[in-house]
Amino acid sequence: MIRLTTPITEAQARQLKVGDEVLLNGRIVLSRDAGHKYMKEQKPEWLKPILENMVIYHCGPVVKKHEDGHWSFVAAGPTTSIREETYQAEVIETYKVRGVIGKGGMGKKTSDGLKHTGAVYLHATGGAGSLLAERVKRVVDVKMMEEFGSPEAFWIVEVEDFPLVVTMDSHGDSLHEIVAQKSQERAKALTA
Amino acid sequence: MSECVIPTLTSAEVVASRSVLPANWKADLAQPQSLDLTLPALELLRRSTSRLPQDVIDALVRGRDAEEDGSRSFNTLNDMLRNIRLADGQVSPLCQDTGTLIFWVRHPFGLRQRQAKQQIRAAVAEASARSWLRPNCVEALSGKNLGNNLDPFLEGHPIVHFEEWDRPEIEISIMQKGGGCENVGAQYRLPDAAIGAGRDLKGVRKCIIDMVVKAQGQGCSPGILGVAIGGDRVTSYEKSKEVILRKLGTPNPNPAMDAFEKEITRDLNSLGIGPMGYGGNTTVLGVLVEEMYRHPASFFVSISYMCWSSRRNSLTIASNGTVSFD
């Protein structure tokens with residue numbers, strides 16, 4: 001088990017390999033469909049200091065606003081990452097992001113982006129909304145709430161021992177590809 | 001030996017003590033036009049969003065026990081079981097994607113459907129305000145989110161199917177179907193030359209295997225498949241969701257189809273996709289199939305994929321007015 005704390009350096013990201021189990025600590029930034037479209041098309045400058053050497057989490061959380069105005073996370077598992085395939089590599093490069101957390105894995109374009117910039121794709125257990133929300137210790141800030149609504153907003157949070165698996169690394173390897181290939185072979189045998 | 005998480009749910013007493021329905025709540029089914037279903041529907045939502053059905057939990061435990069001790073698939077299933085315990089213990093959503101809400105209301109003559117729909121919508125808005133549901137209903141093109149899970153045009157969300165029946169009681173079932181698993185569902189039109197599937201059960205089997213291989217871990221495996229054979233495009237897809245209401249382990253009433261379900265489940269679990277697509281022996285928790293009549297020229301196979309967090313629940317208002325949940 002590897003313990004990592006954000007910000008992450010390029011060297012740290014490049015050391016990680018497919019299959020590594022990681023406990024992530026520190027700040028991460030939530031973003032999904034609307035946020036990725038916005039980052040690719042408008043490349044907002046204000047996000048640069050927030051995202052440099054940081055980790056993006058594909059997640060639209062269930063949140064709760066308390067009477068004193070502070071937010072907490074109620075459920076916060078990963079959403080399907082492949083929807084960001086057209087945006088991800090460019091976002092990683094533009095903002096020097098070192099890690100992307102999601103589920104289901106991503107494609108060739110993102111894999112090339114991870115290699116080029118020096119970043120990894122980290123897989124969280126889909127559907128484990130309560131368990132992962134428990135590891136979100138503090139909501140630091142939320143951006144673009146008005147424009148995008150709560151599931152799509154940029155939530156900046158602090159996590160503690162957030163359990164992840166490296167399924168795509170900066171060396172071009174992907175656990176998703178390996179499993180897909182094996183299952184396709186088996187399917188061929190089953191339907192022969 | 002790694003820890004084997006046993007997800008014991010809170011007792012019936014605790015669940016009752018947390019209910020939004022007063023203990024003495026009773027309906028007067030003799031006056032169906034004055035019935036208020038808001039509170040029962042809200043309690044139904046509370047349970048379905050935070051408590052996984054026991055048959056699904058049992059299937060996950062069996063899956064975990066079929067994985068190699070300490071493997072990534074074993075650990076992942078353990079995390080899923082931990083999550084189930086946590087969500088139930090604190091009454092929080094099992095998954096942040098609280099899904100598309102699909103209701104099936106079966107009722108005797110006399111219930112006012114428009115009124116019942118408004119009451120269900122009120123319960124949905126209230127559950128959203130209580131953070132039991134994520135605001136999951138956005139305008140198609142703009143993505144605008146009104147925050148209350150209600151489609152203002154009364155059509156899109158929540159989805160409410162009504163059916164009048166001859167029985168005296170009212171039954172409301174709910175399914176919370178996440179977007180990730182909804183996106184991996186598929187409809188095939190047989191014959192399908194691309195996958196070599198003809199118009200028979202062998203062809204149906206090829207469709208199912210093809211769909212699951214394409215989905216990999218994307219639908220949050222291990223999933224539950226609802227399969228409808230026949231119908232038109234709409235009724236076929238609709239049926240493929242409704243069959244997921246059947247409890248896992250309940251045999252298909254058609255013995256030949258029951259055998260098919262068991263065999264295809266074994267086949268799919270030999271694909272090696274595993275929990276979340278990490279590899280492993282547990283790719284699906286079950287396959288539920290139903291056959292319908294069809295137009296002679298059309299042969300549809302519709303497959304709905306339900307994620308491992310198969311959130312469903314039913315409430316029954318008996319003829320004496322008391323409510324029970326299952």
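Predicted model: local features only at pLDDT ≥ 70, side-chain atom pairs only at ≥ 80, totals over all residues.
A residue counts as buried here if 20 or more other C-beta atoms lie within 10 Å of its own. B:Gly223 belongs to strand β5 of chain B. Leaving aside residues up to four places away in sequence, B:Gly223 touches B:Cys181, B:Val284, B:Leu285, B:Tyr305, B:Met306, B:Cys307 and B:Trp308. One of these contacts, B:Val284, is also the bridge partner of B:Gly223 in β6(B). By contrast, B:Pro40, 183 residues away along the chain, has its C-alpha atom 29 Å from that of B:Gly223.

Strand β5 (residues 223-229) of chain B runs parallel to β6(B), and seven bridges join the two. Both belong to an open sheet of four strands in chain B, ordered β4-β7-β5-β6, with mixed pairing. The edges are taken by β4 (186-189) and β6 (284-291) of chain B; each has a single partner strand, so one side of each lacks a neighbour in the sheet. From one strand to the next, the twist averages 15°. Helix α8 (residues 233-242) of chain B packs on this sheet and touches β4, β5, β6 and β7 (300-306) of chain B, with its direction at about 35° to that of β7(B).

Elsewhere in chain B, strand β3 (residues 170-177) has seven of its eight residues buried, so it is largely enclosed by the rest of the structure. Strand β1 (residues 100-107) of chain B is joined to β3(B) by seven bridges and runs antiparallel to it; in this pair, B:Thr100 stands opposite B:Lys177. Seven bridges also join β3(B) to strand β8 (residues 311-317) of chain B, again in antiparallel fashion, and here B:Glu171 has B:Thr316 as its bridge partner.

Two helices of chain B also pack together. Packed helices are described by the angle between their axes and the distance between the axes. For α7(B) and helix α9 (residues 255-268) of chain B, the axes come within 11 Å and cross at roughly 35°, and the crossing is right-handed. From α7(B), the residues B:Leu201, B:Arg205, B:Ile208, B:Ile209 and B:Val212 meet B:Phe260, B:Ile264, B:Asp267 and B:Leu268 of α9(B). By class, this contact has seven nonpolar and two charged residues, with no polar ones.

In chain A, helix α5 (residues 108-117) has A:Thr110, A:Ser111, A:Gly113, A:Leu114 and A:Thr117 as its buried residues. These cover an arc of only 160° around the axis, which puts them on the same side of α5(A). Their cover includes α4 (85-95), β7 (120-123) and β9 (154-168) of chain A. The face of α5(A) turned away from the buried side carries the exposed residues A:Lys108, A:Asp112 and A:His116. After α5(A) comes A:Gly118, with a positive phi near 90°.

Terms used
Residues numbered from 1 in each chain as written. Chains lettered and ligands numbered in written order. Pairing = 2+ DSSP bridges. Axes fitted to C-alpha atoms, helices over the stretch in contact; angles between N-to-C directions. Contact = placed C-beta atoms within 7 Å. Left-handed = near helix turned anticlockwise from the far one by under 90°. Nonpolar A, V, L, I, M, F, W, Y, C, P; charged D, E, K, R; others polar. Buried ≥ 20, exposed ≤ 12 C-beta atoms within 10 Å, placed from the backbone. Arc of directions from axis to C-beta.
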